[in-house]
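Here is a short briefing for a reader meeting this structure for the first time. Keep the model in view while reading.

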Amino acid sequence: MVTIDARGVYYMHLNKRIRQALKDGALEIILKNVNGQRYIADAIRGNFSFSIEGVPGNDLAAYMDGPHIVVKGNAQDAVANTMNGGTIIIHGDAGDTLGYAMRGGEVFVRGNVGYRVGIHMKEYQEQVPLIVIGGKTGDFLGEYMAGGIIVVLGLPDDMEPVGNYCGTGMHGGVMFIRGNVPDYKLGREVQKTTPTAKEQHYLTGIVSRYENYFGLEEKTVGGMSFTKLAPVGIRPYGNMYVKF
Amino acid sequence: MLREGDIRIPSGCAISGFINRKGNTVSGEQIIRSIALMHERSNGLGGGFAAYGIYPEFRDYFAFHLFYENHAVREETERYLNKNFNMEMGGPIPTRKTTGIRNLPLIWRYFVKPKLELLYQDEMNTNEFVVERVMEINSSMPGAYVFSSGKNMGAFKGVGYPEDIGEFYRLEEYKGHIWTAHGRFPTNTPGWWGGAHPFTLLDWSIVHNGEISSYDANRRYLEMFGHKCTLQTDTEAITYIFDLLVRKHGLPLDVAVAVVAPPFWNEIDRMPPEKRAIHRAARLVYSSLLINGPFSIVLGSSRGIMALNDRIKLRPLTAAEKGDFLYVASEESAIREICPQPDRVWMPRGGEPVIGLLNDQALQAEEEEGMLHMAVGERTSRS
């Protein structure tokens, strides 16, 4: 285990030190006093674990493939950008475009997230990315989403868990939103249904993992009902440019 | 002056700002640290600051900050200033030699009051007189640019990284109760001294991350009311839009926000009737002042600050509170750099203004004729 004090360390030097520590055989890295340093754990492949104290900068874990990250605070924009594998647990809020073009791995956020979360998320065979949001989301959740799974718990209540234009341009994957989502909040490319028994069982497992990660008492968020959002078609804009 | 504009570099910009609502002043050192943390968001082609409460000994004078290309144009401009204003004091703004700050223009400052005989002769109020003279200098005196013209406030800007600009202007020697800052990453317009943010007029200042697709529509409308856009950049128009809507037309700030960042029509249709009527009227009357395109801005004035995103939030913005301080910045880390443990941190929604005003006591200590009128009771035209 290696501990690095990141206070006042320029992002480039911090990331060099992280890579050197991994090269020297560290499996677990604790980063203290992080504040705004970008690109942490980007493109790192392997079974490492990171504990981040403070607010990591933009593009945390971009292209990451394998590591386990715990953020003990808020995260900024573009977490898990094009991430390929691994797990990120964020104990606070996260910003805009979380999971941008994400193609594998999992992100659990305890609190709220910003706009355009899960934009262009995709999946292929066994590579199915997952984003679980404990709080509320901004507008354009799952915009142009092509694959993967998004779960929104809407805590602390089930009032307005998502913003407007939810699922605009969505053509793959699935979203499960706690409670009901009024039609006006939906992009025209998505339709609402009720989760199947199998999906409900899957969601129960997700909720209990959420409770475990964040040390909540079991069943504090139990007994939830979800709305399932899925795309109407797989090519919503297929005819956009051929009509004229 | 350095002009650069032949290349297009996509990305960026950083903004940061804070207010102490009680009017307690802090030195420029804090805002420099905050904007410096976001160094990567700018590219060295522009940085700047706006500071309020910094000239208490000259609080009744308009503080003019000017760039000159040479001494000939300075002398010509000073003749013009002396014809129109009584000058209490004038001279170069104190700077220090700073690595990375090159190709300097002449940077001068004057504390002035309009000549009363001219005000009577033109039957014009003071603010309007000042605006007309600023527009006159900026549009018809090549090589002279007024980049600050408010009372008890000032803009400090140039070509360079913002932390270097702050060091250059010795901002740690000034104390203000409002500070805003900008790190520039020019995209579609030249990086030159006059094009750095903030853009100011009277005591308005704007720092802006983004670009305005509606610039020409906005500009044409503004020009009908005498605001001339001469600084080769879109942000200038935002400053003039708030001057027109709030100062000249007397709109409350929330209605001005409904003009520049209106909700979509389908959202307006779902509003309760009274609110819907205000939003419909704002969009119909001022359709040419809708700011289209991505932006996050911090508007500064003698009464307070307002941070605002475009309606679909295409640029980052985070806010935080701690005691009497309200902070806004492009990134949360830029706030925590100077306020490690805020009471509350949040990301405002698109089109949802974050407003921090001086409290009544602090306001009384400020000048009587401020501009940021918010209260519903003041919703009458003052023009």
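This is a predicted model: local features need pLDDT of at least 70, side-chain atom pairs count only at pLDDT 80 or more; totals for chains, interfaces and linings use all residues.

Chain A holds 2 helices and 11 strands. An open sheet of 11 strands runs through chain A. In chain B, 4 strands form an open sheet, and helices H2 and H4 of chain B lie across strands of that chain.

**Chain A: overall build**
- Along the sequence, chain A reads β-α-β-β-β-β-β-β-β-β-β-α-β.
- The radius of gyration of chain A is 18 Å, close to the 18 Å that the globule rule gives for 244 residues, so chain A is as compact as a globular protein of that length.
- Along the principal axes, the C-alpha atoms of chain A fill a box of roughly 55 × 50 × 30 Å.
- Of the 244 residues of chain A, 51% count as buried.
- Take the contacts in chain A with a separation of 6 or more: 39% of them join residues 24 or more positions apart.

**Chain A: the sheet**
- The strand order is E1-E2-E3-E4-E5-E6-E7-E8-E9-E11-E10 in chain A, and the pairing is mixed.
- Strand E1 (2-5) and strand E10 (190-193) of chain A are the edge strands, and each pairs on one side only.
- On average, neighbouring strands of this sheet are turned by 15 degrees against each other, direction ignored.
- Strand E4 (residues 65-72) of chain A pairs with strand E5 (residues 85-90) of chain A in the parallel sense, over 5 bridges.
- His68(A) has Thr87(A) in E5(A) as its bridge partner.

**Where the chains meet**
- In the contact between the chains, 15 residues of chain A face 17 residues of chain B.
- The side of chain A that touches chain B has 3 nonpolar, 8 polar and 4 charged residues.

**Chain B: the sheet**
- The order of the 4 strands is E5-E6-E4-E7 in chain B, with antiparallel pairing.
- Strand E5 (85-92) and strand E7 (144-148) of chain B form the edges, each pairing on one side only.
- From one strand to the next, the twist averages 30 degrees.
- E5(B) pairs with strand E6 (residues 106-114) of chain B over 7 bridges, in the antiparallel sense.
- Gly91(B) stands opposite Arg109(B), which belongs to E6(B).

**Chain B: helices across the strands**
- Helix H2 (residues 71-84) of chain B lies across strand E4 (62-68), E5, E6 and E7 of chain B.
- Helix H2 of chain B runs at about 10 degrees to E6(B).
- Helix H4 (residues 126-140) of chain B lies across E4, E6 and E7 of chain B.
- The angle between helix H4 of chain B and E7(B) is about 140 degrees.

**Chain B: a look at Gly158**
- Gly158(B) sits in strand E8 (residues 153-158) of chain B.
- Is Gly158(B) buried or exposed? Gly158(B) is buried, because 27 other C-beta atoms lie within 10 Å, and 20 or more are enough to count as buried.
- Leaving aside residues up to four places away in sequence, Gly158(B) touches Gly47(B), Gly48(B), Ile101(B), Ile165(B), Phe168(B), Trp193(B) and Ala196(B).
- Gly158(B) and Arg184(B) are 26 residues apart along the chain, and their C-alpha atoms are separated by 10.0 Å.

Terms used: Residues are numbered from 1 along each chain as its sequence is written. Chains are lettered from A and ligands numbered from 1 in the order in which they are written. Two strands pair if DSSP finds at least two bridges between them. Axes are lines fitted to C-alpha atoms, for helices over the stretch in contact, and angles run from 0 to 180 degrees between N-to-C directions. Two residues are in contact if their C-beta atoms, placed from the backbone, lie within 7 Å. Ala, Val, Leu, Ile, Met, Phe, Trp, Tyr, Cys and Pro count as nonpolar, Asp, Glu, Lys and Arg as charged, and the others, Gly among them, as polar. The radius of gyration is taken over C-alpha atoms; the globule rule is 2.2 Å times the number of residues to the power 0.38. A residue is buried if 20 or more other C-beta atoms lie within 10 Å of its own, exposed if 12 or fewer, and partly exposed in between; C-beta atoms are placed from the backbone.
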